[in-house]
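Here's a quick tour of a two-chain model. Take a look at it first, then read on.

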Amino acid sequence: MSGPIEAALLLSAPLLLAACGELVLERAGSLQVGLEGTMLLGAFAAFAVGLRTASPEAALLAGAAAGLGSGLLFAVFAVALRADPILVGTAWTLLGAGGSAFGYRLLAGATGGSTQLLPLPAVAFGLPLAGLGAFVLPVVLFAFFRFTRAGLVLSACGERPEAVRALGLSVVAIRSTASAFAGAVGGAAGALLVLNVTRTFVEGVTAGRGFLALAVVVFARWKPLSLVPAALLVGGASALQYQLQAAGRSPLPYAFFLALPPLLALAAVALSSSRGGAPAALGKPAP
Amino acid sequence: MSGARRGSRLAIPAVAGLGALAAATAAIALLALAAGAEPGAALLDLLRGSVLTRGALGETLARATPLLFCALGAVVALRAGFLNVGLEGQFLAGAAAAAAVGPVAGLPPLAAAFAATIAAAAAGALWVLPASWLAERRRVPEVLSTILLNLLAGSLVTWLVRGPLRDPSGDYPQTTPLPDAVLLSPLVSGWRVTVALPAALVLVATLTLLLYRTRAGLVLRAAGESPRALRAAGWPDAAVRVAAAAASGALAGLAGGLEVLGSTGRLYDPFSGGIGYLGIAAALLGATNPLGAATASLALAALGAGAGALQRNSGVPASLAQVVPAVAVLVLLSLLAFGRRAERPA
């Protein structure tokens, strides 16, 4: 990380990517509050493959694949079997933290030696292609919801699932697809984090970014394009911490910079939540 | 109401509970296999490390105590319809308060321990209140705000152990140990079990009576099950939810404070490895009632203690004790939801 702007962009990218997936899932009417767990699973998969193959591209794919699996499994419990998605998500936080720590312990015992990952090569603004992709994805999603029938149907699953069912379409299938997508990009976000930000895996490496991504979606009031400024605000706040840590001297304690992103996120959702925008059937089981 | 219908009401939770137990056992076996250990031997290791020896039993009970307080906190909140995912942060706030108040000069040891305990409960309750306010006044889902408050509590602990409360004589970022006189003494020599455990058990009985045998308990459960009916009956449902959230936070805060006073003697960073989330799992596995939550807390504490032994003896990572409860919760919730749908006339 070089300049402050590059650092802010790089730290916002995983947040934005994960938030894009969560937005799609929530617009479809389900939600994954255990996104932190998904990101950890993706981060670990990327770490494991990155160490073995020395190919950051393969690592990124592995992260996305692990997230995809996580999203599909989440859909089995929270969409198809209709268990309360929030409680399932709470268990997912444990599952992702425990599962990734379990794998890491086994792997660390097996390899030893360097655990430094090769980063994805930067192409512009200090961002790798996947990082740029994170900033393009909201535009794609905007077009998807605005101009395509599929986007309309997906939104309908979150607003009036009975109407979708009356059309003869399966709400379960659509929400499951959304969950798979959310999982894949959430996993890729975890991968991007370990590949280009932390450069290695440690237990709990995501440090709450999955939770912050949930707040970004609420702050953006479920609008794809608004995700960008929302993620930049929260990501920029985390970048401050890295910058001042690197500078070595700061008049404020290190913990203040740890507290800044969740504080900002809390203030942001407090200001935006009462203005509405949540899908009407958010969290309601499929008919 | 037919007998068969009433029978199925009991049968579904029973089947779901057995299913969760089976899933947990299968998860243990699979994780052991993944780590290159023999599943049968791993199960035996788990038992040995949790209940079969005197030391192991003490470890299980020591781990069960804070978990039980957290699980009771989850029960109170869930029953009132407040999804408190912030037990982790409230636990940390309580631990921080106990570490800060415990060493206050001038107080006799017993008074200092008492003050630290009260401060821990108060800090836990205070840590949940922003979420209550945001939920009732700004329509922010408490799931989101309590999670964010967890992150904030983590940074509070980071600040305290590196800043104002740092032990100047040590190399690590941790607080100065509390004086021995302030710490709760072990009830049984060699065990980290203090008066906190019997206190937790008394709480289980009290909460059971309170929830199911008093008007206050009825009102609390109504706030969760049918807030509209409660409001129609003239009760302020929002006030009930806020009170339940504060009680829930106080219980988690107590868990943190008693952990400092009875077990660790100091605060360090990170102080919790997800006990708040585990407490929610224990509450759910215990059918969201105090006695069930107590049973599940004991079982999860045994799993945690056993997993420590398993890691030492067979190299199976101890985070098994996080994965297995998660799997059990997922299977339980799914089976219960499936049962509810199957029971409902189509």
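As for the fold, chain A has 11 helices and 2 strands (DSSP runs: H or I of at least four residues, E of at least two). From the N terminus the order is α-α-α-α-β-β-α-α-α-α-α-α-α. In chain A, 58% of residues are buried, meaning under 20% relative accessible area with a 1.4 Å probe, protein chains only.

Now for where the chains meet:

| Chain B with chain A | Value |
|---|---|
| Buried area | about 3700 Å² |
| Salt bridges | 0 salt bridges |
| Polar contacts (both at pLDDT 80 or more) | 3 residue pairs |

Buried area is the accessible area (1.4 Å probe) lost on putting the two parts together, summed over both. A salt bridge needs a Lys or Arg side-chain nitrogen within 4 Å of an Asp or Glu carboxyl oxygen. A polar contact is a pair of N or O atoms within 3.5 Å; within protein, one must be able to donate a hydrogen and the other to accept it, and residues adjacent in sequence count only if both atoms are side-chain atoms.

Residues are numbered from 1 along each chain as its sequence is written, and chains are lettered from A and ligands numbered from 1 in the order written. The model is predicted, so local features need pLDDT of at least 70 and side-chain atom pairs 80 or more, while totals for chains, interfaces and linings use all residues; side-chain values use heavy atoms, leaving out hydrogens and water.

How values were computed
Buried means under 20% relative accessible area, exposed over 50%, partly exposed in between (1.4 Å probe, protein chains only).
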